[in-house]
Amino acid sequence: MVTVADRPPLDVPPPDRVTRMRVFLHRHRLFVAALALAFLLRVVTTLGYGPALWFNDSYEYVSGAVNPERPSALRPNGYSFLLLALRPLHSFGLVVFVQHLMGLGIAVLIYTLLRGRFGLPGWGATLAAVPVLFDAYQLQLEHLVMSDAMFMLLVVGVIMLVLWHRRMSWRIGAVIGLLLALTALTRSIGLPILALVVVYLLVKRTAWKTIAAMVTACALPVVGYMAWFASAHGNFAMTNSDGAILYMRTALFADCKKMRIDPREELELALLCISAPPGQRGFSGQKYLWWAQNGQRFHAFGVGSTFTPETNKTAGAFAQRAILSQPLDYLSLVAGDFFRAFHWDRPRFPDFNTYRQYEFLPENKILPAWTSYRGSTDTDAQKYDPGLRTAPIQGKLRVIGTDVHDPWAGFMQGYQRIVRLPGLVIGVLLLIGLAGVAVRWRKLGGPVLLPWLAALGLILAPAATAEFDYRYLLPAVPLACLAAAISLRHGLSRPAVPGAPVTSGAPVTPVTPVTSGASVTSGAPAVPVAPVTPVTSVTPSSGTASATTTGSAG
């Protein structure tokens, strides 16, 4: 008889913390190196452009942070809440540092999901995170006093949590709901993302308790914010700008004759009619919303009435009438802006001034002295960060929002001319994701569907409801990378169906594993056996030599 015994436990001490860290860094060395280089680029950006970069929307966010008692009528205050939380430190430099960490955090989430959940090799998961780590326009967006980095992190965090858990508890659902609420309070498009996630979970037959917990956790903060908004502006909503922005979307083609607006019966709508023929209105509707000039009729109701409930409602009604009366004109405009996202180059759109605000420029930024809720935009910025430098310019003391320092700024200007993600590449990523959805049609797209639809929606929604803008593309990039990477993890061939027969070209012989304590008769014919537990001694039958083994069978 041959007796197989268990290996006695060896008294080997567990590795210490330093050893575990070395093993971890070695295993993920490619991504760690990319992350370190990306962090260095963000340090260079900070040294070159201090303390922050500014966009036209930045001042409204800062006003919300220095006047937190009143919600903005133009956009949700979620990002202003972040600025408010960081306000005791009185530093825009700290704000953009946090946003740079958010950008790196997005890359970490992408890498972790692809490695830990979908089993991609390190180089593949790192490659999917490269656009977020190194795209110059991503770095520039993180350095702006803007909500986009926060929004991107929240969206990617939601998608990661949904895809990570095959079976989701109601507690995880509640966490996802809270993140979705923060997403919606940061940018209004967060609520459609909630609808997308709910539909995805229904398709995956997730327990109703989980979905109910998620919807409830999202609804409570959003409803609370809307109640606060109503106390300040008189209507239960998140903004007073959705109708106005949709008016901007239709301003280029709306023809009141085709819309059959009767000035005698619909005077409020008639006041918004644009006298210039559609062919002479240019290629951007921005001017018909933001500037009170001749022909820009949105301001016909007077200064100070731009974003009121009444004006917003009237503008929304006008836009809906235009879309229903001229659906082909509307669809043509939306399609043009949607496909504008996939150009190889970067045309100047919607105008040169807006285009420049996404560039690393060689000159300092002087903050404008526009009227704000309780003061002006430059004084609001100084209240938030008293360290902002002032300088006499044309006989007036002006606030300098961005100080340019070479050689760091010059390096980033050159870097931006070379290292960027072309729109055509984003289109290719979406096509790969679409192919991944198509080959998984039996599973309704599988895990590829959610990030792919989210990326597509983030590009399509601005084209349908506002207007194309380059910064609207960047939140879609990490999701498009996720969809493409998941699609390519096994190639674009159809996934194996569970339970299907496996053929490898050679016959498979069923075997019975040998377990500890089993006996084998000496001299029996050799039979292939499955791997067994490690053995330390063998007791042979009479007339055979003794032996000792130290490895595993098989």
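I began with the largest cavity, in which about 140 Å³ of space lies. I note that this is a predicted model, with residues numbered from 1 along each chain as its sequence is written, and that local features need pLDDT of at least 70 while side-chain atom pairs count only at pLDDT 80 or more. Totals for chains, interfaces and linings use all residues, and side-chain values use heavy atoms, with hydrogens and water left out.

Of the 15 residues that line this largest cavity, R346, L421, G423, Y470 and L473 are the closest to its centre. For my own record, on a 1 Å grid over the protein atoms alone, a cavity is a set of points where a 1.4 Å probe fits but cannot get out, a pocket is an open set with protein on both sides within 12 Å along at least five of seven lines, and lining residues have an atom within 4 Å of a point. Grid points are joined across faces, edges and corners, and a volume is the space filled by probe spheres set on the points. By class, I find nine nonpolar, two polar and four charged residues in the lining of the largest cavity (Ala, Val, Leu, Ile, Met, Phe, Trp, Tyr, Cys and Pro count as nonpolar, Asp, Glu, Lys and Arg as charged, and the others, Gly among them, as polar).

I then looked up how many cavities of 30 Å³ or more the structure holds, and there are four. The second largest cavity has about 40 Å³ of space, and Y137, Q140, L141, R346, Y358, Y470, R471 and L474 line it.

Next I turned to the second largest pocket, which holds about 530 Å³ of space. Its lining has 21 residues, and R117, R166, Y200, K204 and P447 are the closest to its centre. The elements that give two or more residues to this lining are α8 (148-164), α10 (190-203) and β8 (489-492), where helices (H or I, at least four residues) and strands (E, at least two) are DSSP runs numbered from the N terminus. I sorted the lining of this pocket into ten nonpolar, four polar and seven charged residues.

I followed α8 to helix α22 (residues 449-465), and their axes come within 10 Å and cross at roughly 155°. Axes are lines fitted to C-alpha atoms, for helices over the stretch in contact, and angles run from 0 to 180 degrees between N-to-C directions. The two helices, α8 and α22, are therefore roughly antiparallel to each other, a term for angles over 145 degrees. F151, I159, V162 and L163 in α8 meet L450, P451, A454 and L458 in α22, contact being heavy atoms within 4.5 Å. The residues of this contact are eight nonpolar, no polar and no charged.

For a second pair I looked up helix α2 (residues 29-48) and helix α5 (residues 92-116), which pack at an angle of about 160° with their axes 11 Å apart. Among the residues that make the contact are F31, L35 and F39 of α2, and F97, L104 and Y111 of α5. I count this contact as nine nonpolar, three polar and one charged.

Last, I checked the backbone. The peptide bond from G50 to P51 is cis, with omega near -10°, and P51 is found in strand β2 (residues 49-51). The bond from F349 to P350 is also cis, with omega near -5°, and P350 is found in the loop between α17 (327-340) and α18 (352-356).

Notes: Parallel < 35°, antiparallel > 145°, perpendicular 65-115°, else oblique.
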